[in-house]
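Take a look at the model below.

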Amino acid sequence: MRVAIGGISHESSTFSAVPTTLDDFAQRSLVEGPALVEQYRGTRTCLGGFLDAGRDLAFTVVPTLMATAVPGGPVTAEAAMELTRRLCEGLRWAMQERPLDGVLLALHGAMVSELDDDGERYVLRRVREVIGPEIPIVVTLDLHGNISPEMVELVSIAVAYDEYPHTDTWQRGYEAGILLARIVRGGVRPASTLVKIPLLAGLQRQYTHAEPMLGIKHLARDLENESGILNVSYLPGFPWADIPFTSFSVIVTAEGDQRRAHQAACRLAQEVWNRREQFAVRPVPVDEAVRRAMAADGGPVVLADIGDNPGGGAPADGTVLLEALLRHGAKRAALAAIRDPEVVERARQAGEGAELEVTLGGKTDDRHGRPLPIRGRVVRLSEGRFTHTGPMSTGMTVDLGPTAVLELQGEQDGRVLVVVTTHRYQPTDLGVFRSQGIEPTAQQVLAVKSSVHFRAAFGPIAHEVLEVDTPGITNPRLDPAAYQKLARPIYPFDRDLDWRIDL
């Protein structure tokens with residue numbers, strides 16, 4: 001059994017003003033051939049799961065291309081075409097050497113490109129042109145995927161992450177390898193169905209360790225344990241993509257029985273719809289959140305800057321939460337991370353220990369806070385590289401680019417440590433602080449630019465977590481007027497919607 005592995009993964013916000021280029025993929029992760037195996041072997045990622053499945057199930061893995069970029073604006077036509085070309089060239093080379101029995105791809109599900117609102121559809125069409133209609137393809141998808149019917153038709157089985165934060169990427173990659181082996185060696189005939197639920201689910205309520213998603217997850221696992229069901233995937237979606245496919249999706253795959261798959265999908269979809277009101281997000285106003293964090297009896301209190309989450313395509317240079325921390329005189333406070341290459345360069349020129357007066361952040365657009373005049377001291381300079389040791393993407397190396405830690409002076413002798421980076425990064429690992437000489441457990445207040453992923457690493461050390469109502473393109477207060485392509489009616493924009501499932 002010979003299996004090609006690879007993928008192209010990006011979460012695209014159509015509300016971001018900054019397109020995602022080929023350089024963005026190269027900055028984060030763009031590897032081909034044997035280098036793919038070297039980079040991902042032993043990591044808790046989908047590719048790590050593919051590789052370990054190949055080892056344990058004794059099939060030959062043929063690496064092609066894996067490309068990922070930090071979430072941002074739609075992928076440029078140049079990047080989409082070039083990455084897909086390289087992936088397809090890898091598949092052609094593999095097939096010329098010897099026949100392939102299957103393909104495992106790590107995709108996202110919410111990639112939008114200048115070529116196609118459904119970026120995965122574009123990639124899979126090209127892949128099918130190379131390998132033909134018969135070779136099975138099993139893909140992994142992010143739980144935030146916005147799924148189209150054609151994408152489901154182009155693959156044999158789609159396996160979405162079960163968890164948010166995404167702590168199960170290795171498990172889903174390994175599961176995909178098992179399912180592919182069952183198709184190739186066991187003669188399993190997958191039959192998949194997709195049910196689209198007209199619901200925009202608030203990102204913070206997509207957290208799978210609390211309701212409403214916890215009950216949905218448990219029901220999905222019960223359905224998956226029923227006879228004949230191969231996989232049950234639930235994808236609440238990525239609401240900041242103005243495309244026709246943005247909504248909550250359920251994909252169920254059964255063994256040779258389309259009706260069984262459809263019935264299971266409808267049962268889960270009905271439960272999602274019954275819980276639709278629970279997906280509303282009610283964040284805490286900025287000043288109230290800062291006051292509560294400072295007054296808490298114990299720490300750290302984690303303040304989630306959910307409006308400027310780079311994991312959802314935001315610029316990571318918003319200043320509203322930092323300004324409030326300084327204005328209220330917060331002490332033993334640390335924030336990660338503000339992207340501002342200009343300030344990093346000024347800090348490097350000044351050197352560690354030097355005093356610095358600069359304007360920080362607010363340089364991408366006017367939606368995340370104004371540029372903030374600050375005064376402080378350069379505490380630390382580094383190249384900004386560390387390895388994830390926490391529960392997400394364990395073993396993967398992060399490159400923040402040249403990085404500076406600034407100690408800023410606030411009101412009433414307040415002091416706030418700020419990690420300023422060259423590249424955008426969503427804090428999903430405690431290493432973002434520890435690699436910069438900041439011990440997160442010693443802080444009273446930890447501010448992170450993240451919606452939910454921070455919970456995997458920061459939740460266990462947090463005295464309390466507050467979701468802060470900061471402005472920005474990932475703020476959960478969605479404006480229906482901002483959407484032009486979104487399929488309507490959809491809840492909560494159309495609150496009187498009476499949706500019925502076609503059994």
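Predicted model: local features only at pLDDT ≥ 70, side-chain atom pairs only at ≥ 80, totals over all residues.

Residues are numbered from 1 along each chain as its sequence is written, and side-chain values use heavy atoms, with hydrogens and water left out.

Start with Thr246. It lies in the loop between strand S8 (229-235) and strand S9 (248-255); strands are DSSP runs of E, at least two residues, and helices are runs of H or I, at least four, numbered from the N terminus. Thr246 counts as buried because its relative accessibility is 3% (buried means under 20% relative accessible area, with a 1.4 Å probe and protein chains only). The side chain of Thr246 reaches the backbone oxygen of Ala241 at 2.6 Å. Leaving out residues up to four places away in sequence, Thr246 touches Asn146, Leu200, Phe238, Pro239, Ala241, Leu486 and Ile490 (contact means heavy atoms within 4.5 Å).

Now turn to the helices. The axes of H10 (residues 286-295) and H11 (residues 320-327) come within 10 Å and cross at roughly 50°; axes are lines fitted to C-alpha atoms over the stretch in contact, and angles run from 0 to 180 degrees between N-to-C directions. From H10, Val286, Asp287 and Val290 make the contact; from H11, Val320, Leu321, Ala324, Leu325 and Arg327 do.

Note on methods
Buried < 20%, exposed > 50% of the residue type's maximum accessible area, 1.4 Å probe, protein only. Polar contact = N/O pair within 3.5 Å; in protein donor to acceptor, adjacent residues only side chain to side chain.
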